[in-house]
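These are my notebook entries on a structure that I looked up. I set down each point in the order in which I examined it.

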Number of protein chains: 2
Amino acid sequence: MRRLPLVLAAVAGFAISAVALAAIKPGTAVAYRQGVYHAILWNFVPMSDMVRGRTPWNQAEFAKRAERVSFYSRQLLEGFPPGSLTGRSEAKPGIWTHWPDFEARMQAFENASAAMAQTARGTDEAATKAAFAKTAETCKSCHDKYRRDD
Amino acid sequence: MRRLPLVLAAVAGFAISAVALAAIKPGTAVAYRQGVYHAILWNFVPMSDMVRGRTPWNQAEFAKRAERVSFYSRQLLEGFPPGSLTGRSEAKPGIWTHWPDFEARMQAFENASAAMAQTARGTDEAATKAAFAKTAETCKSCHDKYRRDD
């Protein structure tokens, strides 16, 4: 995050210098996609807590978070441009050598999240929980193959 | 990000242990809000580039990114719970001692972003650029007072 304040200050102040622009390039995609994953996690954990009965079921709260996850799911793919296996990235190189498969798994996450968000807008708690389980499976499918464990 | 893989694996695998849950608590809000700021920046820089004439104006592209920024702007405030001035946070303590003012500045950012997204859906390039400038001012207003520079 060390570079972020300078860049935001520059953008906000309409004073982007060539230096500031250059400064955000290395690792920007990594910071971006990890940021989106953090935002997903922020919403996913409370949903999981409800599904597992750790916290009381709240359909409206679940629906709100499911809607967010669905939004975030559509933002991830552009965070993996070629050449972005740098810095603190946990991505495996296979993402870029098996791009169509990676893309298909991301699409599966998008589809499952959208379905979950739609189901959550209703009143069927069991169906919502089932949709959550399906979504979680799409997370795991991609992580198992394309994320480093170390 | 070191803790994220374990936690996501646990959530996705429906095998959250007490250890894994405990692991995500310290600094989670910091990682979350910095993630959302990174996602904003990812979209804000290309918008700024268009406004400044560094890249060709593309109303549809601008509108897409403005819509995202508007979405993200509504996710930030919950990322500043009391006690979350930890780890790599760049927040100043004044956020919590002047909460109503901080909240008002966040609201100004939300309002400006929403207005920018609405304007961007139209065809008025000059009005869109003006809405961008207003939004950037709301960023700066908050950063100047509540973000550490170091």
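**Entry 1: the model and chain A.** I note at the outset that this is a predicted model. I looked up the secondary structure of chain A and found seven helices and zero strands. Read from the N terminus, the order of elements is α-α-α-α-α-α-α. Chain A has 150 residues, of which 51% count as buried. I then took the contacts in chain A between residues at least 6 apart in sequence; 72% of them join residues at least 24 apart.

**Entry 2: H3 and H7 in chain A.** I next examined helix H3 (residues 28-51) and helix H7 (residues 125-146) of chain A, whose axes come within 11 Å and cross at roughly 140°. H3(A) and H7(A) are therefore oblique to each other. The crossing of this pair is left-handed. From H3(A), I listed Tyr37(A), Phe44(A), Met47(A), Ser48(A), Met50(A) and Val51(A) in the contact. From H7(A), the partners are Lys129(A), Phe132(A), Thr135(A), Ala136(A), Cys139(A) and His143(A). Sorted by class, the contact of H3(A) with H7(A) has eight nonpolar, three polar and one charged residues.

**Entry 3: H3 and H4 in chain B.** How are helix H3 (residues 28-51) and helix H4 (residues 59-73) of chain B placed against each other? I found that they pack at an angle of about 150°, with their axes 9 Å apart. That angle makes H3(B) roughly antiparallel to H4(B). H3(B) and H4(B) cross in a left-handed sense. Among the residues of H3(B) that meet H4(B) are Trp42(B), Phe44(B), Pro46(B) and Met47(B). On the side of H4(B), the residues include Phe62(B), Arg65(B), Val69(B) and Tyr72(B). I record 13 nonpolar, one polar and three charged residues for the contact of H3(B) with H4(B).

**Entry 4: H4 of chain A against H4 of chain B.** I then turned to a pair of helices from two chains. The axes of H4(A), residues 59-73, and H4(B) come within 12 Å and cross at roughly 145°. The crossing of H4(A) and H4(B) is left-handed. Here Arg68(A), Phe71(A) and Tyr72(A) meet Arg68(B), Phe71(B) and Tyr72(B).

**Entry 5: Glu125(B).** I located Glu125(B) in helix H7 (residues 125-146) of chain B. Is Glu125(B) buried, exposed or partly exposed? Its relative accessibility is 31%, so Glu125(B) counts as partly exposed. Leaving aside residues up to four places away in sequence, Glu125(B) touches Trp57(B) and Gln59(B). Glu125(B) and Phe62(B) are 63 residues apart in sequence, and their C-alpha atoms are 9.8 Å apart in space.

**Entry 6: the cysteines.** A disulfide is a covalent bond between the sulfur atoms of two cysteines. How many disulfides does the whole structure hold? My search over all chains gave zero. Cys142(A) is in no disulfide, and the nearest cysteine sulfur, that of Cys139(A), is 8.9 Å away. Cys142(A) counts as buried because its relative accessibility is 10%. In chain B, the closest cysteine sulfur to that of Cys139(B) belongs to Cys142(B), at 8.8 Å, which is too far for a bond. The cut-off for a disulfide is a pair of cysteine sulfur atoms within 2.5 Å. Cys139(B) is buried as well, with a relative accessible area of 10%.

Key
Residues are numbered from 1 along each chain as its sequence is written. Chains are lettered from A and ligands numbered from 1 in the order in which they are written. This is a predicted model: local features need pLDDT of at least 70, side-chain atom pairs count only at pLDDT 80 or more; totals for chains, interfaces and linings use all residues. Side-chain values use heavy atoms; hydrogens and water are left out. Buried means under 20% relative accessible area, exposed over 50%, partly exposed in between (1.4 Å probe, protein chains only). Axes are lines fitted to C-alpha atoms, for helices over the stretch in contact, and angles run from 0 to 180 degrees between N-to-C directions. Helices (H or I, at least four residues) and strands (E, at least two) are DSSP runs, numbered from the N terminus. Angles under 35 degrees count as roughly parallel, over 145 as roughly antiparallel, 65 to 115 as roughly perpendicular and the rest as oblique. A crossing is left-handed if the near helix is turned anticlockwise from the far one by less than a right angle, and right-handed if clockwise. Contact means heavy atoms within 4.5 Å. Ala, Val, Leu, Ile, Met, Phe, Trp, Tyr, Cys and Pro count as nonpolar, Asp, Glu, Lys and Arg as charged, and the others, Gly among them, as polar.
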